[in-house]
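Thanks for coming, everyone. Let me put the structure up, and then we can walk through it together.

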Amino acid sequence: MPKRINFNARVIFTMTCLFSFSALAALPPPPPQNQGIKDPGVQNGQARAGGALPGLTPLEMKFFSSSRERFQNIDAVQNGLGPRYNGTGCSTCHAWPSVGGSSPSRNPQIAMANANGAQNSIPSFINLNGPVRVARFVKNPDGTADGGVHDLFVITGRSDAPGCKITQPNFDAQLANNNIVFRIPTPLFGLGLVENVSEQTLKNVLASNAPLKAQLGISGHFNVNGNDGTITRFGWKAQNKSLLMFAGEAYNVETGVTNDLFPNERETDPNCQYNHHPEDTTDLSGINNSGSPASDYSSDIVNFAAFSRLSAAPQPAPPTNVSVQGKAVFNSIGCQLCHTPTLVTDKSTFSAQNNITFNPYSDFAVHAMGTGLADGVTQGTANNQEFRTAPLWGVGQRLFFMHDGRTTDLTQAISQHASPGSEANAVIQNFKSLTPQDQQSLLVFLRSL
Ligand code: HEC
Ligand code: HEC
């Protein structure tokens with residue numbers, strides 16, 4: 001694992017240093033001067049994401065509406081919550097700027113920690129005004145690779161969990177050992193389009209502009225599924241194959257609900273088992289009466305995947321002179337070589353996804369991002385410092401940026417791309433060489449997405 005400074009440890013370290021003159025020399029260097037450029041900030045007003053794909057058939061539309069409702073269910077223990085959990089329902093974390101999005105401004109994990117009598121202590125890296133965070137441990141106590149999610153909370157103490165006595169992991173010890181890394185939620189809007197881009201289209205995009213990429217030091221490769229050998233596209237390291245797969249995994253990992261894809265509890269203490277498994281499966285009675293029989297009969301995870309699959313891509317704001325100029329800058333300095341502006345879907349079963357041109361601003365490949373962003377976690381073929389090019393659609397209304405939510409400021413998000421070993425170093429150098437006016441127009445363009 002390359003040497004890196006854990007983000008939170010660094011903040012704590014900096015704060016400690018402020019109180020000790022002798023340690024001042026060890027302070028990290030001040031952030032680079034931004035020459036007066038400024039992130040225009042979160043674009044307020046109506047959410048520009050969260051609706052259905054345009055052009056759905058009436059049956060598809062009903063399936064979308066019902067699955068969107070299902071996505072907002074909050075689980076209790078009798079529905080499968082726990083024994084360990086990070087959230088009590090999908091929409092608690094996927095919330096902003098509308099249902100299905102990313103982290104909201106006030107972290108719901110604070111209230112969740114003590115819902116229904118639970119007595120969880122709130123880990124120091126969870127703050128009311130900070131992003132929703134999920135924690136992974138880099139190594140096991142014996143030094144072998146871990147990389148897995150360790151849930152923040154337990155159901156112990158809840159009125160619906162009598163007799164359960166399990167305790168939370170010791171997060172302070174993990175912080176002290178620099179063994180903990182974080183991820184924030186990614187938005188689910190428009191991901192059916194991403195799911196339906198053909199393998200060949202993605203490969204062509206990655207192979208395009210080869211001389212320019214080579215000149216700038218950009219390579220990248222796809223993360224690949226071990227079972228069928230195809231490209232995986234979802235998650236910060238593109239570690240997951242499909243929306244259904246992600247829904248099944250998230251249901252078990254984030255909320256503790258066993259399901260048809262992940263049928264076994266992660267926490268096996270017999271005193272905390274209350275239900276038969278899988279806790280979520282096909283509803284043979286179909287009595288939900290949601291207006292969509294397909295939704296009523298389907299398991300929760302099928303509904304969750306359908307909600308994301310049938311949702312529309314975020315809508316950019318109407319272009320202005322400055323944002324148009326910013327777009328030209330984006331496309332001239334090399335951002336577009338990873339953040340691919342345009343992709344086209346394959347033939348699709350869903351009418352509204354057939355040969356659709358869309359603008360995710362990602363190549364869905366993973367790239368080495370240097371020691372500054374490295375998290376020490378390997379997933380599939382993505383190593384400890386590789387991440388999926390984050391899709392930039394919807395960035396205009398996003399609150400937190402980068403895989404661990406380390407910043408709310410786009411200028412920081414850009415400068416964080418540069419550190420030893422990052423494929424983005426030359427492009428960030430290009431950005432720094434721009435006039436302040438061009439830099440500013442680029443930021444305005446990003447906030448129009
Ligand atoms: C505790 C917060 C939390 C909850 C609850 C949660 N998620 Fe997520 N979600 C995340 C995080 C964090 C990521 C990024 C995960 C990663 O890459 O390691 C994510 C990523 C995803 C993605 C990948 C999107 C992309 O851009 O590739 C999907 C799909 C998803 N979640 C679906 C769900 C569903 C369905 C549920 C409900 C069963 C759910 N999530 C519940 C935090 C949460
Ligand atoms: C070598 C490929 C590459 C290049 C070049 C690149 N990026 Fe990125 N970008 C990424 C990756 C990978 C991430 C996610 C990194 C992480 O979260 O650790 C990212 C994240 C971002 C984010 C944060 C998005 C989010 O969801 O949090 C923004 C904004 C962004 N890039 C803008 C830019 C701009 C503007 C440029 C050009 C100046 C640029 N990027 C150049 C690969 C690249």
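Start with ligand 2. It has 26 residues around it, and the nearest are Cys335, Cys338, His339, His403 and His417. Near here means a heavy atom within 4 Å. One note before going on: this is a predicted model, where local features need pLDDT of at least 70 and side-chain atom pairs count only at pLDDT 80 or more, while totals for chains, interfaces and linings use all residues. Residues are numbered from 1 along each chain as its sequence is written, chains are lettered from A and ligands numbered from 1 in the order in which they are written, and side-chain values use heavy atoms, with hydrogens and water left out.

Now the polar atoms. An N or O atom in the side chain of histidine 339 is 2.8 Å from a nitrogen atom of ligand 2. Histidine 417 also places a polar side-chain atom 2.8 Å from a nitrogen atom of ligand 2. Methionine 402 uses its backbone: an N or O atom there lies 2.7 Å from an oxygen atom of ligand 2.

What is the make-up of the shell around ligand 2? It divides into 17 nonpolar, six polar and three charged residues. Nonpolar covers Ala, Val, Leu, Ile, Met, Phe, Trp, Tyr, Cys and Pro; charged covers Asp, Glu, Lys and Arg; the others, Gly among them, are polar.

On to ligand 1. Here 30 residues surround the ligand, with Cys90, Cys93, His94, Arg183 and Gly235 the closest. A polar backbone atom of glycine 235 is 2.7 Å from an oxygen atom of ligand 1. A polar side-chain atom of arginine 136 lies 3.1 Å from an oxygen atom of this ligand. The shell of ligand 1 draws at least three residues from each of domain 1 and domain 2.

So where do those domains run? Domain 1 is 36-46 + 192-237 + 316-448, and domain 2 is 58-187 + 242-309. The bounds come from an automatic or database domain assignment. Their centres, over C-alpha atoms, are 27 Å apart.

Last, the interface. Two salt bridges are counted between the domains. That term means a side-chain nitrogen of Lys or Arg within 4 Å of a carboxyl oxygen of Asp or Glu. Arginine 309 and glutamate 195 form a salt bridge at 2.7 Å, N to O.

Key. A polar contact is a pair of N or O atoms within 3.5 Å; within protein, one must be able to donate a hydrogen and the other to accept it, and residues adjacent in sequence count only if both atoms are side-chain atoms.
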